[in-house]
Amino acid sequence: MKITKAEVEYVAGLARLEFSEEGKEMFATQLNSILSYMDMLNRVDTSGVEPETHAISLKNAFREDGVWKSLDPEEATKNAPEERGNCFRVPKVIE
Amino acid sequence: MAMEPYRLTIHELQEKLRQGELTAADAADSIFGRIAAVDERTKSFITVMRETAMVEARKADEAIRSGKGGPLTGIPLAIKDILCTKGVRTTCGSRILQNFIPPYDATVVRKLKDQGAVIVGKTNMDEFAMGSSTETSYYGITKNPWDLERIPGGSSGGSAAAVAADECMASLGSDTGGSIRQPAALCGIVGMKPTYGRVSRYGLIAFASSLDQIGPFTKDVEDCALLLSAIAGYDPMESTSVPIEVPDYRSFVGKDIRGWKIGVPREYFIEGIDPEVLAAVEKSIGVLESLGAERVDITLPHTEYCLAVYYIIAPAEASSNLARYDGVKYGYRSPEAGDLIEMYRKSRSEGFGAEVKRRIMLGTYVLSSGYYDAYYKKASQVRTLIKRDFEEAFRRCDVILTPTSPTPAFRIGEKTDDPLQMYLSDIFTISANLAGIPGISLPCGFSGDGLPIGVQLLAWHFQEGKLIQAASALERNAEIKKRRPAL
């Protein structure tokens with residue numbers, strides 16, 4: 001077993017997710033079977049091989065530092081679950 | 001009796017609009033009649049946009065009358081619900097975006113609108129495009145128009161089913177590991193994933209940013225060329241789109257392929273492929289040979305590692321991309337939240353479905369401290385080797401030919417309990433995303449049960465023209481009986 005229930009809880013904490021006890025067991029089993037499948041990559045000799053992060057070679061794409069129209073505050077906050085005065089409302093952060 | 005307008009391809013309808021035999025309003029009416037008649041069974045759409053579409057259709061008619069019509073003016077098209085549409089709810093198949101109304105259009109949507117296309121609706125999909133069957137959508141399961149007890153493929157299953165069932169002339173989908181090509185194969189239509197960077201991803205809700213690409217679903221290869229020309233090109237809003245000139249892809253339709261070399265990779269003809277799929281694909285090779293092309297046996301030695309590489313890289317990128325859904329700026333917020341962290345946790349846990357959570361967990365794990373080198377870095381290195389395999393292979397051939405999917409459409413529920421089995425249905429399509437190359441799937445036969453079978457053609461970066469040329473040659477000479485799903 002690569003992943004224990006305790007590790008599922010740790011990773012869930014990082015990912016800001018929560019699961020029932022049953023869900024944790026299920027994830028531990030399924031993630032273990034998926035990760036064992038991935039062990040096959042250890043058979044490949046990758047010494048000296050550069051990792052590929054984008055298939056097409058890219059240069060950083062700079063653009064002119066100009067001023068142009070962006071979203072109005074009203075529009076930008078229109079989809080917010082809670083909003084007041086064009087600001088996003090969240091539960092209290094500081095006690 | 002004249003053929004119902006909803007049956008037409010883009011280029012057929014375009015001709016009738018130009019000749020004045022039909023109006024765009026007639027065509028849109030016909031499409032909405034068809035949607036009303038069949039969508040209850042196929043469930044291709046999440047949102048049908050009748051009102052705005054009829055306005056667009058009347059505008060298109062004015063444009064055509066005043067001689068300002070282009071190739072897409074007045075053509076009814078559907079859009080996968082992963083692409084932002086200004087003022088129209090865009091859910092990505094998820095509860096977490098149940099009420100999300102984008103304040104802007106994706107670049108591809110804007111391009112289609114600018115060219116006078118009529119957007120008829122937003123199509124169903126696996127939640128956040130994570131799936132191969134369109135069974136994970138929060139908005140219900142899309143059915144395969146050829147057999148309503150079977151899946152249409154995924155993740156762009158709604159876009160594929162809508163075209164196969166004549167609920168639109170063509171549609172757009174997105175392809176991260178096969179999500180255009182596999183459903184196109186399973187629904188008996190044409191689907192293309194262009195080269196990474198060929199089409200702007202601005203306004204495409206991100207799944208795996210180094211793999212995602214937008215592409216067309218169409219009834220034939222000529223329409224594929226036409227729609228690709230309409231959406232391709234550099235976009236200053238999208239830094240990975242590539243400033244290379246867009247050819248007129250339609251000019252490749254019907255061109256000779258005499259002397260071409262068709263690469264057949266032995267690693268794609270393995271045990272476990274359905275014998276009927278194998279036979280149909282072999283027949284396609286024969287058709288191309290009869291047109292003067294030459295079969296070249298090639299090897300792509302790292303093929304067996306593609307799936308493992310993909311299921312590290314895609315979830316890793318997804319776990320990062322989906323961190324934005326926190327119940328603050330848009331999307332679902334749990335009503336039960338106490339403090340901020342609890343609000344994040346509950347909103348995400350209630351808003352995401354099981355497969356999305358599975359991939360976020362997998363991605364978070366492989367990126368977490370102590371595992372990064374073993375998984376993500378290793379996978380990225382093997383990705384380099386996979387790309388080199390293709391680079392090497394394309395020195396010896398013009399296009400590569402493979403099956404699109406190892407089997408025809410499977411039954412609803414057949415693979416939902418075993419994620420790894422589900423992932424295996426993408427085994428022939430994933431490599432193109434990892435290497436960034438373009439791929440097309442087109443119909444090449446039917447199974448004994450009457451289910452469509454697709455063949456995949458792959459080409460090197462920015463060689464979409466070659467794909468159109470070879471696919472069009474195959475389509476014109478394969479002598480597949482024109483069939484329609486009996487709906």
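Tutor: Two residues are in contact if their C-beta atoms, placed from the backbone, lie within 7 Å. Apply that between the chains: chain B gives 53 residues to the contact and chain A gives 39.

Student: Which elements give two or more residues to the side of chain B that touches chain A?

Tutor: Elements are DSSP runs numbered from the N terminus: helices are H or I with at least four residues, strands E with at least two. Here they are α9, α10 (340-351), α11, α12 (373-393) and α13 (419-424) of chain B. The most comes from α12(B), with 11 residues. By class, the side of chain B that touches chain A has 27 nonpolar, 15 polar and 11 charged residues. (Asp, Glu, Lys and Arg count as charged; Ala, Val, Leu, Ile, Met, Phe, Trp, Tyr, Cys and Pro as nonpolar; the others, Gly among them, as polar.)

Student: How is the model scored?

Tutor: This is a predicted model: local features need pLDDT of at least 70 and side-chain atom pairs pLDDT 80 or more, while totals for chains, interfaces and linings use all residues. Residues are numbered from 1 along each chain as its sequence is written, and chains are lettered from A and ligands numbered from 1 in the order written. pLDDT is the predictor's confidence in each residue, from 0 to 100. Chain B averages 96, and 100% of its residues score at least 70. For the complex, the predictor gives an ipTM of 0.94 and a pTM of 0.97.

Student: At what angle do α9(B) and α11(B) pack?

Tutor: Axes are lines fitted to C-alpha atoms over the stretch in contact, with angles from 0 to 180 degrees between N-to-C directions. Helix α9 (residues 306-321) and helix α11 (residues 354-367) of chain B pack at about 100°, with axes 7 Å apart. The two are therefore roughly perpendicular (65 to 115 degrees). From α9(B), the contact uses B:Ile312, B:Pro315, B:Ala316, B:Ala318 and B:Ser319. The α11(B) side includes B:Arg359, B:Ile360 and B:Leu362. Eight residues of this contact are nonpolar, three polar and one charged.

Student: Which residues touch the most other members of the largest nonpolar core?

Tutor: A core is a set of buried Ala, Val, Leu, Ile, Met, Phe, Trp, Tyr and Cys residues joined through C-beta atoms within 7 Å. Buried means 20 or more other C-beta atoms within 10 Å; exposed, 12 or fewer; partly exposed, in between. The largest core has 171 residues, and B:Leu77, B:Val118, B:Val309, B:Ile312 and B:Val399 touch the most other members. Helix α9(B) gives this core the most, 11 residues. Beyond four places in sequence, B:Ile312 touches A:Met38, B:Val366, B:Tyr375, B:Tyr376 and B:Ala379.

Student: Is B:Gly203 buried or exposed?

Tutor: Buried: B:Gly203 has 23 other C-beta atoms within 10 Å. It sits in the loop between β5 (190-193) and β6 (213-218) of chain B. Its C-alpha atom is 8.5 Å from that of B:Ile82, 121 residues apart along the chain. Among the residues B:Gly203 touches are B:Leu83, B:Cys84 and B:Tyr104.

Student: Where is the cis peptide bond?

Tutor: It joins B:Gly154 and B:Ser155, with omega about 10°. B:Ser155 lies in the loop between β3 (118-123) and α5 (157-164) of chain B. B:Thr134 has its place in the loop between β3 and α5 too.

Student: What is phi at B:Thr134?

Tutor: About 60°, positive although B:Thr134 is not a glycine. B:Thr134 is buried, with 34 other C-beta atoms within 10 Å. B:Phe462, also not a glycine, has a positive phi near 65°. B:Phe462 is in the loop between β11 (452-458) and α15 (464-477) of chain B. B:Phe462 counts as buried, with 22 C-beta neighbours inside 10 Å.

Definitions and conventions:
Parallel < 35°, antiparallel > 145°, perpendicular 65-115°, else oblique.
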